[in-house]
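Keep the structure in view while reading.

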Amino acid sequence: MRCSMLFAAVLVLLAPGLAPAQAQRPMIETRKVEGTDNVYIFRHGNHQSMFVVTSEGVIATDPIAYGRPQGGEAYIGEIRKITDKPIRYLIYSHHHFDHIAGGQAFKDAGARIVAHRRAKERLEVIKDPNTPLPDEVVETQRTIVLGDTAIELTYVGLNHSDSTLVMRLPKERIIFLVDLVPVGTFPGLGMIDYYPLEALDSMRKILAMDWDRMIPGHPGQPGDRLGTKKDVEDQIALQEYASKVVQEQARAGRCWLPAENEVQFEKYKDMPNYAMGRPYVVRRYCGLWGRGT
Ligand SMILES: [Zn+2]
């Protein structure tokens with residue numbers, strides 16, 4: 001009993017942005033996206049990815065198996081509960097391992113791995129043992145058609161990482177977009193590899209695309225919801241505000257530590273992940289406005 005209480009307490013500590021209901025949900029979950037015939041979300045912990053079951057096989061994305069060598073098999077096990085069709089493609093959203101480690105199981109199952117060119121270039125240098133290299137790369141745009149389904153992969157520039165692909169299902173009017181637009185939560189760790197000015201351009205380009213719902217790489221809040229264009233607009237507003245607040249600090253010579261220790265973004269104080277994410281956001285904009293990076 002004490003052990004499980006301790007475990008629960010540790011879980012809550014490790015997941016500061018999670019509401020209690022989310023901390024209690026199963027570790028692995030697969031659900032069909034409402035209103036679609038063949039689009040699924042696979043979630044493991046607080047990471048998630050999209051897969052699509054077409055008439056000619058499965059298009060999977062991000063294995064999300066960081067730190068879990070068998071995680072790719074667990075994901076394939078979930079796909080196998082739904083279909084025995086071959087897994088033809090595995091598409092990486094960007095090059096960060098917390099989303100893409102675990103691809104070997106997919107490769108062994110016959111999938112071709114597709115990613116942006118920069119993802120491959122980075123993975124070639126870093127050589128993460130659990131993250132196989134892409135078989136094919138995308139430069140600016142590519143549409144994969146498999147059976148009755150098309151998925152459009154678009155590179156909209158530097159934003160979160162330099163290798164993010166926006167994946168769009170034109171028929172379903174759904175995009176899968178990882179880490180660039182937090183849904184209902186304050187940004188944080190994602191700012192470690194972030195291009196703040198270019199990211200605003202990217203978000204405007206994404207707003208101009210034709211879609212209604214966004215599957216994020218981390219479940220949206222509240223209630224594991226999907227994102228909408230309003231979430232993108234809200235994120236642009238949040239980042240413009242945070243940027244301006246830190247710009248003033250930077251020009252007063254308060255970057256790095258005085259700003260990082262003291263700056264608050266009053267409008268967003270009640271947002272999930274605020275306490276954890278705030279210093280990362282200040283640090284990134286201090287880099288921009290305090291150092292020009
Ligand atoms: Zn990332």
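Two strands are said to pair if DSSP finds at least two bridges between them. The model described here is predicted.

**The seven-stranded sheet**

With pairing defined in this way, 7 strands form an open sheet in the order E1-E2-E3-E4-E5-E6-E7, and the pairing is mixed. At its edges are strand E1 (28-32) and E7, each of which pairs on one side only. Direction ignored, neighbouring strands of this sheet are turned against each other by 20° on average. Within the sheet, strand E3 (residues 47-54) and strand E4 (residues 57-61) run antiparallel and are joined by 4 bridges.

**The five-stranded sheet**

Another open sheet has 5 strands in the order E8-E9-E10-E11-E12, again with mixed pairing. Strand E8 (141-146) and strand E12 (213-216) stand at its edges with a single partner strand each, so one side of each is left without a neighbour in the sheet. From one strand to the next, the twist averages 20°. Strands of a sheet pair through backbone hydrogen bonds, either parallel or antiparallel.

| Strand pair | Bridges | Direction |
|---|---|---|
| E9 (residues 149-154) and E10 | 3 bridges | antiparallel |
| E10 and E11 | 3 bridges | antiparallel |
| E11 (residues 174-177) and E12 | 4 bridges | parallel |

Met-167 of E10 can be followed across the sheet: Leu-153 stands opposite Met-167, and in E11 the bridge partner of Met-167 is Phe-176. The hairpin of E10 and E11 has 4 residues between the strands, and Arg-173 in this hairpin takes a positive phi near 55°.

Are the residues of strand E10 (residues 166-169) buried or exposed? Val-166 and Arg-168 on one side and Met-167 and Leu-169 on the other are all buried, so that both faces of the strand are covered. In a regular strand the side chains alternate between the two faces of the sheet.

**Helix H6**

Helix H6 (residues 117-126) has Ala-119, Lys-120 and Leu-123 as its buried residues. Seen down the axis of H6, these residues fall within an arc of 95°, so they line one face of the helix. Glu-124 and Val-125, on the other side of H6, are exposed. The cover over the buried residues includes strand E6 (112-116) and strand E7 (136-138). H6 lies across E6 and E7 and runs at about 105° to E6. Just after H6, Lys-127 takes a positive phi of about 55°.

**The core and the whole chain**

In soluble globular proteins, nonpolar side chains tend to be buried together. In this model the largest nonpolar core has 67 residues, and those that touch the most other members are Phe-51, Val-52, Ala-60, Ile-91, Leu-177 and Val-246. Leu-177 touches Val-166, Ile-206, Met-214 and Pro-216, not counting residues up to four places away in sequence. Leu-177 also stands opposite Pro-216 in E12.

The secondary structure of the protein chain comes to 10 helices and 12 strands. Its radius of gyration is 19 Å, close to the 19 Å that the globule rule gives for 293 residues, so the chain is as compact as a globular protein of that length. Along its principal axes the C-alpha trace spans about 60 × 55 × 40 Å. Of the 293 residues, 42% count as buried. Among contacts between residues at least 6 apart in sequence, 64% join residues at least 24 apart.

Methods: Residues are numbered from 1 along each chain as its sequence is written. This is a predicted model: local features need pLDDT of at least 70, side-chain atom pairs count only at pLDDT 80 or more; totals for chains, interfaces and linings use all residues. Helices (H or I, at least four residues) and strands (E, at least two) are DSSP runs, numbered from the N terminus. Axes are lines fitted to C-alpha atoms, for helices over the stretch in contact, and angles run from 0 to 180 degrees between N-to-C directions. A residue is buried if 20 or more other C-beta atoms lie within 10 Å of its own, exposed if 12 or fewer, and partly exposed in between; C-beta atoms are placed from the backbone. The arc is that of the directions from the helix axis to the C-beta atoms. Two residues are in contact if their C-beta atoms, placed from the backbone, lie within 7 Å. The radius of gyration is taken over C-alpha atoms; the globule rule is 2.2 Å times the number of residues to the power 0.38. A nonpolar core is a set of buried Ala, Val, Leu, Ile, Met, Phe, Trp, Tyr and Cys residues joined through C-beta atoms within 7 Å.
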